[in-house]
Amino acid sequence: MAATVDINDLPTPALILDLDAFEQNIAKMAQYCKQVGSGFRPHGKTHKSAWIARQQLNAGAVGISVATVAEAEAMAQAGIESILLTSPVVGPEKLDRLINLSGKVPEFIAAVGSKLQAERLSDLAGRRGVTVNVLVDVDVGDGRTGELPGQPALQLAQNVDRLPSLRLRGIQAYSGLSSHVVGFEARKRTSLEAMGKAAETREMFKSSGLDCSILSGGSTGTYNIDSEAGLVTELQVGSYVFMDVDYRRIGGKENPQLYDDFLPALNCLTTVVSAAHKGRVTVDAGVKALSSDAGCPPELVGRAGLSYKWFGDEFGLIEAEGDADLPKLGDRLRLIVPHCDPTVNMYDLIYLVRGERVEGAIRICARRGDQASGVELLA
Ligand SMILES: Cc1ncc(COP(=O)(O)O)c(C=O)c1O
């Protein structure tokens, strides 16, 4: 049997998952979806972990969403049987891998955002004797990927439907612009407007006799808007498993000050490595340990009156307000991560922690940097 490891024995900076909080998040989303009669297909881009995907499926998820072919491959290798690739893939190398997955995974679905992509996919799949399930990616306002709602999306769907090796299953519509709108009522207005375009497009598909049994979309910020309005058949919620500072500041339906529907389960454990200056100490977690893209610093867990300031690649600064006690040299602190997805992508492992005890670790899969076939790895 493995020896019991105390959280204080971990090398820092370390990414740790508070299992009590995580289990509550998993159960809460599952119960909510059951109660409102919505499916959910959590987004694996948040955690990049087959172990977490399995917990979500055990709680009732209909399948897993992924953002990259490499994530899909990792989930498939772990035996996940229903996978939706939400990003359009156009290049030949990735299309080839996508078709491999379609041939292996019992239900593999690809988002398709253009006629060119659809034609390439069908052509390659046909040569391999595979049929690929497809959702038409509808751009509901982000301007990121996909075809415009209404007639352009309908036309793409009709093209998909005519191609011999594709099987149309419905629509994917993600409104990233809605997910982090501050204030529940403002978020609701934005999301209903965006997702309403997807719902109207779905009606057009149906009137034209096209299969549109799936409408996949939504986010942690809008889960209780899109589902209650009956706008999606499955929610692509990602961040709810971990939460982060960027989400906590948007405000919730019940608590306008703090979005606390889900608990901040993912923390960065850091150590005070210098206390030479009055009024502040230095910790060993900087921008290489915590993604800073969200524009907000991490927050300390259970240490009111202390705040974090960015202090370069390797370090952060902890300052005390009022008469709050500064931590001492060697002390360990837990930080709520500013933005969970890109922070996870910086690590190889997440430690699973209950209280002060480390119960195990999980591997983060499919971080960027796939080796292209034919290119020699020199070191
Ligand atoms: C296509 C897609 N669906 C769903 C999500 C999940 O969003 P969230 O983490 O806000 O729940 C994302 C996040 O970026 C996404 O890109």
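1. In which helix is the place of Arg189? Arg189 belongs to helix H8, which covers residues 184-207; helices here are DSSP runs of type H or I with at least four residues, strands are E runs of at least two, and both are numbered from the N terminus. The residue counts as exposed, at 59% relative accessibility. Exposed means over 50% relative accessible area, buried means under 20%, and partly exposed lies in between, with a 1.4 Å probe and protein chains only. Between the C-alpha atoms of Arg189 and Ile225 there are 9.3 Å in space, and 36 residues separate the two in sequence.

2. Basis of the note. This is a predicted model, in which local features need pLDDT of at least 70 and side-chain atom pairs count only at pLDDT 80 or more, whereas totals for chains, interfaces and linings use all residues. Residues are numbered from 1 along each chain as its sequence is written, and side-chain values use heavy atoms, with hydrogens and water left out.

3. Overall form. The protein chain contains eleven helices and 18 strands. Along the principal axes, the C-alpha atoms fill a box of roughly 70 × 55 × 40 Å.

4. Burial and contacts. Buried residues make up 51% of the 379 in the protein chain. Of the contacts (heavy atoms within 4.5 Å) between residues at least 6 apart in sequence, 67% join residues at least 24 apart.

5. Surface and charge. The protein chain exposes about 16700 Å², and 49% of this area is supplied by carbon and sulfur atoms; the areas come from the Shrake-Rupley method with a 1.4 Å probe, and for residues only the protein chains shown count as cover. There are 39 positive and 47 negative charges, and their mean positions are 2 Å apart. Lys and Arg count as positive and Asp and Glu as negative, while His and the chain ends are not counted. Each charge is placed at NZ of Lys, CZ of Arg, CG of Asp or CD of Glu.

6. Cysteines. A disulfide is a covalent bond between the sulfur atoms of two cysteines. With the criterion of a pair of cysteine sulfur atoms within 2.5 Å, the structure holds zero disulfides. For Cys212, the nearest cysteine sulfur is that of Cys33, 19 Å away; Cys212 is buried, with a relative accessible area of 4%. For Cys268, the nearest cysteine sulfur is that of Cys340, at 14 Å; Cys268 is also buried, with a relative accessible area of 0%.

7. Cys340 and its neighbours. Cys340 is in helix H11, residues 340-344, and counts as buried at 0% relative accessibility. Leaving aside residues up to four places away in sequence, Cys340 touches Thr46, Ser239, Phe242, Met243, Asp244 and Leu266. Its C-alpha atom is 19 Å from that of Leu235, which is 105 residues away along the chain.

8. Met243. This contact of Cys340 lies in the loop between strand E10 (234-235) and helix H10 (245-248). Met243 has phi near 65°, a positive value in a residue other than glycine, and counts as buried at 0% relative accessibility.

9. Pro338. The loop between strand E16 (332-336) and H11 holds Pro338, a buried residue with a relative accessible area of 0%. Beyond residues up to four places away in sequence, its contacts include Asp244, Val245, Asp246, Leu290, Cys296 and Trp310. Asp244 is also touched by Cys340. Pro338 and Ser178 are 160 residues apart in sequence, with 19 Å between their C-alpha atoms.

10. Asn267. Strand E11 (residues 266-274) includes Asn267, which counts as buried at 3% relative accessibility.

11. Backbone points to inspect. The peptide bond from Thr12 to Pro13 is cis, with omega near 0°. Pro13 is in the loop between strand E1 (5-6) and strand E2 (14-18). Ala366 has phi near 55°, a positive value in a residue other than glycine, and is placed in the segment after strand E18 (357-363).
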